[in-house]
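Let's take a walk through this structure together. Have the sequence and the 3D view at hand as you read.

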Amino acid sequence: MEQQDPGTTFDDGMDSFVEKFQSQPYRGGFHESQWEEEFEKIPLFMKNSPSEIDPLENPDLACLQSIIFDEERSPEDQARTYKDEGNDYFKEKDYKKAVISYTEGLKKKCTDPDLNAILYTNRAAAQYYLGNFRSSLNDVMAARKLRPCHLKAIIRGASCHLELKNYVEAVNWCDEGLQIDATEKKLLDLRAKADKLKRTEQRDIRKAKLKEKKKQDQNEALLQAIKARNIRLVAEAAGEDEDSASEGLSELVLYGLSSENPCGARLSVDDQGRLSWPVLFLYPEYAQSDLVSAFHEDSRFIDHLMVMFGETPSWDLEQKYCPDNLEVYFEDEDREALYCVSPSSTLLQVLQHPRYFVKALTPTFLVCVGSSGFCRNYLRGKKVHQVK
């Protein structure tokens, strides 16, 4: 029997394959107009992986994923896989997905404390860049429980405290880290910055306390000046005893007496202990007003009226508002009666009237001014009392 040459058999087979290939074009190749899309479907050449992998659309990628995240692998291997995945997301600055990956790695509850410490520290870094400083700090604290000398965790913790304005804690964390590595530049820079901010904060606190103390002293002096003149306060008018009134004034009345009105004026006492009040003159006949921001307690009403109406105001078309033709009134606390004020009276004389009470939250003294003719009609039917 004649034996067939193996080379001849191979050649015949190759010739048959080539003839078949030429007659039936290869259907698995890339189309010239779609080669980029075809390459994007291959895991090795993917520029962006899909957030959810559909086995029907990406069978190769689904196969790789099933191998990588095989639940039958040890918890340590699975945790490392999630750590590496998180690191890839972190490099891409996709910090939300990085947090998810590191969290999945921690869920595996592997027994390697170093690996868990890294997962906590890496997740803390991702949380930090997301602006979640509290969450980041919680993670680095968990990492330090596993590895107390983990320098990256200490650096991240100091940074979190700095962002949270816990400057004293930031300095303390830096000091702990520098005991491990005294040359760590990041810690040295963080400590210098935190220490400077700590000193600035302490200085601002001291300034605020001094300012508050000065304001409180001024308020107390103001209250004593008012009481020394027997000027009645709203709290006293309500029938409160002196102690309770004094305590309430410290928190409410004094705040109101020392506060500015909408025009920026406020009740004040000068170095000689003399009071000046904001006084608002209302002219209801023409819906006009004037504000005297600092009406000295010893000044007379006529003194201010002479200045304000030395020249006829533009709105007084009938020229009725002359100093000697004006009447001044104030309303009592209950708004039940009006009190006619003699223009020659001083502000202090009016403030000491038994029917006038200083309103803590509205320290501006209101007076109604009108011409004689207007006042006769305006006050008809109202209770009017003369201030002696």
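**A walk through the cores**

Start at Trp277, which sits in strand E2. Keep in mind as you look around that this is a predicted model. Is Trp277 buried or exposed? Its relative accessible area is 0%, and buried means under 20%, so Trp277 counts as buried. Now look for Ala294: it lies 17 residues from Trp277 along the chain, yet the C-alpha atoms of the two are separated by 5.3 Å.

Trp277 also belongs to the largest nonpolar core, a set of 33 residues. Among the residues with the most contacts inside this core are Val279, Phe281, Phe301 and Leu347, along with Trp277. Several elements give two or more residues to the core, including helix H10 (185-228), strand E3 (288-296), helix H13 (301-308) and strand E6 (365-371). Which element provides the largest share? That is E2, with 5 residues.

Val279 shows how parts of the chain meet here. Setting aside neighbours within four places in sequence, Val279 is in contact with Asp290, Leu291, Val292 and Phe295, and also with Leu347, Thr364, Phe365 and Val367. Apart from this core lies another, made of 22 residues, with Ala153, Ile155, Cys160 and Leu162 among them.

For a last stop, find Arg156 in helix H8, which covers residues 151-163. Arg156 is buried but has no salt bridge. The nearest side chain of opposite charge belongs to Glu163, 8.5 Å away. What does Arg156 touch, not counting residues up to four places away in sequence? The list is Ala124, Ala125, Tyr128, Tyr129, Ser136 and Val140.

Notes
Residues are numbered from 1 along each chain as its sequence is written. This is a predicted model: local features need pLDDT of at least 70, side-chain atom pairs count only at pLDDT 80 or more; totals for chains, interfaces and linings use all residues. Side-chain values use heavy atoms; hydrogens and water are left out. A nonpolar core is a set of buried Ala, Val, Leu, Ile, Met, Phe, Trp, Tyr and Cys residues joined through side-chain atoms within 4.5 Å. Buried means under 20% relative accessible area, exposed over 50%, partly exposed in between (1.4 Å probe, protein chains only). Helices (H or I, at least four residues) and strands (E, at least two) are DSSP runs, numbered from the N terminus. Contact means heavy atoms within 4.5 Å. Lys and Arg count as positive and Asp and Glu as negative; His and the chain ends are not counted. A salt bridge is a side-chain nitrogen of Lys or Arg within 4 Å of a carboxyl oxygen of Asp or Glu.
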